[in-house]
Amino acid sequence: MAMFIRIDVNEDVVRDTGVASKLIETCPVKIFAPGADDKSVTVVDDNVDECTLCDLCEQACPDGIKVVKLY
Ligand code: SF4
């Protein structure tokens, strides 16, 4: 379980905006992985605390991804 960061994913927005593969490619520390189908993503819990707060995922999907600092 991640201690420092939580990634909130609005699956409907990710699906509707078609950014799943972009999110998977963009994150430098592999926090996003393919979901149940090619329009969805899952969050790789083991990698979440590696987040560099680079903001690329939120830029790719501003309404669908929120990086929440827990500290
Ligand atoms: S802020 Fe950067 S490192 Fe963190 S989840 Fe988004 S793309 Fe990955």
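Predicted model: local features only at pLDDT ≥ 70, side-chain atom pairs only at ≥ 80, totals over all residues.
Residue numbers start from 1 along each chain as its sequence is written.

The protein chain holds three helices and four strands, where helices (H or I, at least four residues) and strands (E, at least two) are DSSP runs numbered from the N terminus. Read from the N terminus, the order of these elements is β-α-α-β-β-α-β. As for overall dimensions, the C-alpha atoms of the protein chain occupy a box of roughly 30 × 20 × 20 Å along the principal axes. The radius of gyration, taken over C-alpha atoms and judged against a globule rule of 2.2 Å times the number of residues to the power 0.38, is 11 Å for the protein chain, which agrees with the value near 11 Å for a compact globule of 71 residues.

Contacts come next, with two residues counted as touching if their C-beta atoms, placed from the backbone, lie within 7 Å. Among contacts in the protein chain between residues at least 6 apart in sequence, 59% link residues at least 24 apart.

Burial was assigned from C-beta atoms placed from the backbone: a residue is buried if 20 or more other C-beta atoms lie within 10 Å of its own, exposed if 12 or fewer, and partly exposed in between. By this criterion, 18% of the 71 residues in the protein chain are buried. A nonpolar core is a set of buried Ala, Val, Leu, Ile, Met, Phe, Trp, Tyr and Cys residues joined through C-beta atoms within 7 Å. The largest such core has twelve residues, namely Ile-7, Val-14, Val-19, Ala-20, Leu-23, Cys-27, Ile-31, Phe-32, Val-41, Cys-57, Cys-61 and Ile-65. Cys-61, one of these core residues, touches Val-13, Val-14, Thr-17, Val-19 and Leu-23 when residues up to four places away in sequence are not counted.

Val-19 lies in the loop between helix H1 (11-17) and H2 and counts as buried, with 20 C-beta neighbours inside 10 Å. Leaving aside neighbours within four places in sequence, Val-19 is in contact with Val-14, Ala-60, Cys-61 and Gly-64. Gly-64, in turn, belongs to the loop between H3 and E4 and is buried, with 22 other C-beta atoms within 10 Å. Beyond four places in sequence, the contacts of Gly-64 are Val-9, Asn-10, Val-13, Val-14, Thr-17 and Val-19. The C-alpha atoms of Gly-64 and Cys-27, 37 residues apart along the chain, are separated by 15 Å.

Asp-63 is found in the loop between H3 and strand E4 (65-69). Asp-63 is exposed, with 12 other C-beta atoms within 10 Å, yet it is in contact with Asn-10 and Val-13 once neighbours within four places in sequence are set aside.

A positive phi at a residue other than glycine occurs at Asp-55, with a value near 80°, and at Lys-30, with about 55°. Asp-55 sits in the loop between strand E3 (41-43) and helix H3 (56-60) and is exposed, with 10 C-beta neighbours inside 10 Å. Lys-30 is placed in the loop between helix H2 (20-26) and strand E2 (32-34) and is likewise exposed, having 12 other C-beta atoms within 10 Å. Lys-30 is touched by Val-44, which also touches Ile-31 and Ala-33, not counting residues up to four places away in sequence. Val-44 itself lies in the loop between E3 and H3 and is partly exposed, with 16 other C-beta atoms within 10 Å.
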